[in-house]
Structure formats: C-alpha cells, structure tokens
Amino acid sequence: MTYYTTRRRLLGVASSTALLGALLTAGSQIQAAPLDHHITLRDGQPAALVASPNHSKGHFWADLALESRDAWSRLRDSFQWQDEAYEPRVQAWIDHYRQSPHNIAEITERARPWLAWITQKVEERGLPGEIALIPFIESSFDPSARSHRGAAGLWQFMPRTGDSLGLSRQRGYDGRLDVVASTYAALDYIEYQAEQWYEGDLELSLAAYNAGAGTVNKARRRAIAQGKGSDYWSLSLPRETMNYVPKLKAIAAIIDAPDHYDVALPEIEEAPAFAKIPVERPLRLDEAARLAGVSRGTIATLNPGVTGGAIRPGKDRVLLVPAERADTMLASLEGPARPGGAQDSQYLVRRGDTLADIAAYRGISVGELRRANGLSGNLIRPGQTLELPTRSLASR
C-alpha cells in the first residue's frame, strides 16, 4: 500500500480517530474506581466516561483497555508494515536483535522523553508508526549523537542536509540536535522525497534518507534496465541501505510483540513528557532551570540543541521543559524580571560561569565581552561584575 493510499484511508476515518484518540488519552488517567464513579477527561475535555451498574460487559472491558493505554500501545496502533516481518532480511535482523535484549531495553529507555511526542507527530501525518523508530537505528535515541562522518542528532543529519532543511547552526545552537526542529525536518524530508521521486513509496524514501536520492535513483534505473522490479526490495544498494528498512521493520516487529521476543520495554506514558515554552528573550539554561523548578541537567537534557549554555529568540525557537513544570515556568516568565537578567547591562559572575557561556547568553562574541571589561584572557571569578555590551542593529 502506498503512502498516498494509506493517507486517504486514514483521512476517511479522521473524525472517528480523533474521538477515539480523546477517549484513549483519558484512559491513561483513569484509576480503579467503584462502578458509580464519574470519570471526566483531563485538560477540560467536554466529554466524560460514566461508569454505572448498568454498564455492559463490553463497556467494562473497554474501560479496562483504556486504563492500560501507554506510549507503546499508541505506537503499535499506528504500525502499518507488520505484515512484512516474514521477509528474510527482516527476520535476520529480528534474530540479531533478539541476541541482545538488554540493548533494546537500554535504547528504548533512552527514548523515554521523546517517544510519545514523536509518535504523535508521525500519527498526525498519517505516516506508518514504524517511522517513529528511525531514531532507534540512526542514533540509538541519543539526541546528542555524532557520527564520524559528521552527522548529528536524533535523526543524524549531515551539515549540508540540515542546512537545506532549515536546521541552522550558529554560535550556541545546533538545529540538528534540537529534537523538535529536527523531527519536523526529518518527517518533512521523508514525505518530500516520497512525493518528489517515488510516487509516494516511503520505503524508497527511507532508502534515500540513508544513501541519498541519487544513489537510489541510479539503482532503480539499473534494475529497470535489467528487467527487474523498481521497489526497495528489488534494488541492489549499498550494504547499509540494504539493511536500513529491514532493521527498522525488525525492531518494530519486536516492539509489536515484546513478550513473544522476551524483551522488556520501559513504561512510558502516552502523553508527551515535555512542553514547549516560547522563547522571547535570551535565557540561560541555569536560569530556566531555576524558573521551572528543576535541575539544570534536566533542562540541558531536554534541550541538546542549546550548545552554549543559553537559548536566544529565533524563528520557532522554543525551550523544552518537563510537562508537569510548564505552568510554573510560564508563570515565572510572566513575573518581574530578575536582577541581573538578560536585559541588564551588567552581569554578576557565579560559580561555574565561563566567558563563553556569558557571551552566548548575551548574544555577543567572547572578544566583545573581553574588550568591554578590559580582559586579556578568559579568567573570571565568582562575585565579579561584568559589563554586557549591546550590539547596534547595524552590527547584527
């Protein structure tokens, strides 16, 4: 089934899917309750599930199913390629992964902050849920991963590819490491290549994601000239690309039936683990942590694209915080500005600060910071007050 056929089918049931999604979301919040309890959906949803003695056995079991809803359940529901697990190359990778179940457990644990949100984005586009697992084979779900060839991030974008997709790289920020920005870029890229070159064939698009469209298109022309099929499974491609789609389908097959393969998956809630906070002023990560009431390490883990210790406003730039701390963070940002904050002309050095961090926080170079304070080196000390120069518009 092509991507377009699948999308038309999904759009045809969009309204019922939306209703089901709302009910299933509620299910993750339902606790065991007496049958006369009324259970209202979270986040002010207008519907309610009402349990009563008149509930049929069917309703009872449906409610139990809702209670067990998690990120893995939602992901499985969006799988579309599980009928191909019998393909020999897929089966070979299933056997390979089964030999190291601890590796699967480790990688899926690393997926905890990201899986629910990525699944949601894949689902919204009507794409096969298996695509949400691409980071498993690309980066082992490590958003800070870098390859020896220069690829970086959860989706392993090369610099030039990232640039072409709008993943900017600048002082203190790398869009390839930004999970939100790179996920949107990856899904856009996969859809674009499927539409541009492969009549909606997502398997060929994934091959091109790995090897480049030029390599895949050349292999297709060669196969057609030899009287062979031009689908992914008929092509002669580089070894890594020949294994790319089989690896993806193999890990999806294991996640689809973990008990069968003796694999233990971590418990991950269906709701996304983080919330996006708009960035309207320069904000140091340690200040963001204080405002959100979490550790700096937590904020840094959720924002790997911020490489200079501070995030600055930019196109669609957001700060990720734990979902349960979003209201606290927003309330803190709406409060009065903190002395020594981003808009002040001076900065009080704290333990652990570096000139590079402070420069990134202000959006200036280390050289400008040195000149403004008459410094010849990088040595600063806690308690020292630094002048923070402001760039003119002409110099930006």
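1. Which residue takes a positive phi just after α7? The residue is G126, with a phi of about 70°. Helices are DSSP runs of H or I with at least four residues, strands are runs of E with at least two, and both are numbered from the N terminus. Helix α7 itself covers residues 115-124.

2. Basis of the model. This is a predicted model, in which local features need pLDDT of at least 70 and side-chain atom pairs count only at pLDDT 80 or more, while totals for chains, interfaces and linings use all residues. Residues are numbered from 1 along each chain as its sequence is written, and side-chain values use heavy atoms, with hydrogens and water left out.

3. Confidence. pLDDT is the predictor's confidence in each residue, from 0 to 100. The protein chain averages 81. A score of at least 70 is reached by 77% of the residues. Residues 1-67 have a pLDDT below 50. That stretch still has 59 contacts in the model beyond near neighbours in sequence. Residues 336-343 are also below 50, and this stretch has 16 contacts beyond near neighbours in sequence. Where pLDDT is low, the predicted coordinates should not be read in detail.

4. Overall make-up. The protein chain has 18 helices and ten strands. Of its 396 residues, 44% count as buried. Buried means under 20% relative accessible area, exposed means over 50%, and partly exposed lies in between (1.4 Å probe, protein chains only). A contact means heavy atoms within 4.5 Å. Take the contacts with a separation of 6 or more: residues 24 or more positions apart account for 64% of them.

5. Helix α7. This helix is mostly covered, with eight of its ten residues buried. The buried residues are L115, A116, W117, I118, T119, Q120, K121 and V122. Note that K121 is on that list. The partners of the buried residues are α4 (71-77), α10 and β5 (274-278).

6. The α10/α11 pair. Helix α10 spans residues 179-197 and helix α11 spans residues 202-211. They pack at an angle of about 120°, with their axes 8 Å apart. Axes are lines fitted to C-alpha atoms, for helices over the stretch in contact, and angles run from 0 to 180 degrees between N-to-C directions. The angle makes α10 oblique to α11. Angles under 35 degrees count as roughly parallel, over 145 as roughly antiparallel, 65 to 115 as roughly perpendicular and the rest as oblique. The crossing of α10 and α11 is right-handed. A crossing is right-handed if the near helix is turned clockwise from the far one by less than a right angle, and left-handed if anticlockwise.

7. By class, the contact has eight nonpolar, two polar and no charged residues. Here Ala, Val, Leu, Ile, Met, Phe, Trp, Tyr, Cys and Pro count as nonpolar, Asp, Glu, Lys and Arg as charged, and the others, Gly among them, as polar.

8. The α14/α16 pair. Helix α14 (residues 285-292) and helix α16 (residues 326-334) pack at about 110°, with their axes 8 Å apart. That makes α14 roughly perpendicular to α16. A288, L291 and A292 of α14 meet T328, M329, S332 and L333 of α16. The residues of this contact divide into five nonpolar, two polar and no charged.

9. Surroundings of α14. Six of the eight residues of α14 are buried. These are L285, E287, A288, A289, L291 and A292. They pack against β6 (283-284), α15 (296-302), β7 (310-311), β8 (318-322) and α16. G293 follows α14, and its phi is positive, near 75°.

10. D327. This residue is found in α16. D327 counts as exposed, at 63% relative accessibility. Its C-alpha atom is separated by 8.5 Å from that of A292, 35 residues apart along the chain.

11. Backbone points to check. S140 has a positive phi of about 55° although it is not a glycine. S140 lies in the loop between α8 (134-139) and α9 (159-164). Q156 lies in the loop between α8 and α9, and its phi is near 55°, a positive value in a residue other than glycine. Are the two buried or exposed? S140 counts as partly exposed, at 27% relative accessibility. Q156 is buried, with a relative accessible area of 14%.
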